[in-house]
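Subject: Structure handover

Hi,

Here is the structure for your files. My notes follow below it.

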Amino acid sequence: MRAPAMDVDRFEGLIAVQHAVTAAGGNLQAVMQAIVDAKGAMPQATGTVVELRDGDQLYYAAASGTSAGLVGLRLALNASLSGMSILTGAPLSCVDSEQDVRVNQAACRKVGLRSMIVVPIPHRGQTVGVLKYYSDRPAAFSDEDMLVAHLLVGPIAIGFSSVAEADAERARKELAAIIQLKEELVANVSHELRTPLTAIAGSLGLLDSGAAGKLPEKAHGLVAIATKNAQRLTRLVNDLLDIDKFDSGRAAFTLAETDLRALILEAVTQNEPFATRFGAVLLPSLPTDPVIIQTDGDRLLQALTNLISNAAKFSHGTVHIDLRGQEGEARIVVRDDGPGIPEAFRMRLFERFAQGEKTSQPGTGLGLAITKSIVELLGGSIALDPHVAQGAAFEIRLPLMTSERKGLAA
């Protein structure tokens with residue numbers, strides 16, 4: 001009896017994958033790319049990714065479809081369905097990303113992912129990665145699709161057990177060397193820029209104060225422009241240094257028992273002069289009881305300053321900073337009444353150098369990325385509240401200190 005047409009197409013697709021894998025000649029990267037490029041084996045997929053584990057991270061080793069440009073992307077191991085599959089060694093599926101609390105909805109929307117299946121790649125008793133198929137439609141995958149995905153994992157697993165394993169190790173080392181070179185370049189260039197920038201800013205300050213003689217009125221305006229841009233460049237250098245420290249794991253954090261009420265009041269005091277320049281008023285709303293967390297106060301103050309200063313620039317009058325402690329979490333909300341954030345830009349909010357196209361208040365484009373890194377390294381999370389109709393509201397969530405942890409800290 002002749003098989004249904006769809007079954008024949010899929011069978012032919014699997015044969016095509018087999019030929020492509022054979023042609024790869026045992027090269028692991030070529031094998032992975034051949035599998036993600038094969039359309040016939042999983043025709044409903046709009047994207048395919050092989051994600052491999054590297055310590056406490058995942059990286060995109062091969063990708064196609066709407067994820068084709070993301071090869072090399074790194075994610076925290078515990079921040080995705082793929083990471084969960086690696087940690088548990090179990091195949092997993094998502095019927096609808098908009099309803100599944102296990103997935104990062106913003107990341108899913110970025111590539112148009114609504115449903116997916118994730119199959120672990122075994123090697124020597126461990127899970128070294130996953131093969132992921134996803135679709136832009138909910139419930140696009142069946143049990144049969146999961147079985148096909150298991151079949152396609154086989155060549156990748158064999159590749160890890162062959163001479164291609166040496167290729168993978170060499171590629172990993174080369175990638176690590178490239179990353180280290182990039183980090184050193186950013187750090188060295190940033191440090192080298194600091195000295196001349198300090199000299200430029202100091203000289204401009206002396207000119208503006210009249211230390212070299214009275215300046216013509218037009219010259220004052222030019223000095224002011226130069227000073228403003230020197231300050232902006234200094235902020236960029238400092239932000240680049242912070243990003244480099246977070247990426248390389250060299251950022252120093254000193255944890256201590258902290259009452260968030262006092263920290264927020266300090267953030268308000270420090271940022272009031274800046275807010276006044278933009279005609280904004282900072283209005284904190286704090287509970288009467290202490291809200292105690294274990295955190296690095298200086299780093300969290302840096303994160304709050306980024307949020308408050310952004311809100312002040314775009315506010316039409318008042319910036320609200322609300323603090324609440326509930327359900328084992330401290331929740332800090334920084335809300336402005338400005339024009340809000342366009343829907344199309346929201347998915348890129350926390351990306352580096354991301355800025356709205358029509359912003360009249362340019363910055364370095366690194367503030368929110370730094371804030372996100374700080375909050376997550378402190379064990380918390382940050383998100384834009386999509387339900388705020390007027391303006392923008394960012395919510396930071398951090399774990400409260402329980403009575404047991406307070407006892408240990410004492």
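**Findings**

At 52% relative accessibility, A139 counts as exposed (exposed means over 50% relative accessible area, buried under 20%, partly exposed in between, with a 1.4 Å probe and protein chains only). Before the rest: this is a predicted model, where local features need pLDDT of at least 70, side-chain atom pairs count only at pLDDT 80 or more, and totals for chains, interfaces and linings use all residues. Residues are numbered from 1 along each chain as its sequence is written, and side-chain values use heavy atoms, without hydrogens and water.

A139 lies in the loop between strand 6 (126-135) and helix 5 (143-161). Helices (H or I, at least four residues) and strands (E, at least two) are DSSP runs, numbered from the N terminus. Phi of A139 is near 50°, a positive value in a non-glycine residue. Most residues other than glycine have a negative phi.

E327 also has a positive phi, about 55°, and is not a glycine. E327 sits in the loop between strand 10 and strand 11 (329-336). E327 is exposed, at 71%.

H320 is in strand 10 (residues 318-326). H320 is partly exposed, at 22%. Leaving out residues up to four places away in sequence, H320 touches L283, V333, V334 and R335 (contact means heavy atoms within 4.5 Å). P284 is 36 residues away along the chain, with its C-alpha 5.8 Å from that of H320.

Now the cysteines. The count is 0 disulfides (a disulfide is a pair of cysteine sulfur atoms within 2.5 Å). C94 is buried at 3%, and C108 is buried at 7%.

Best regards
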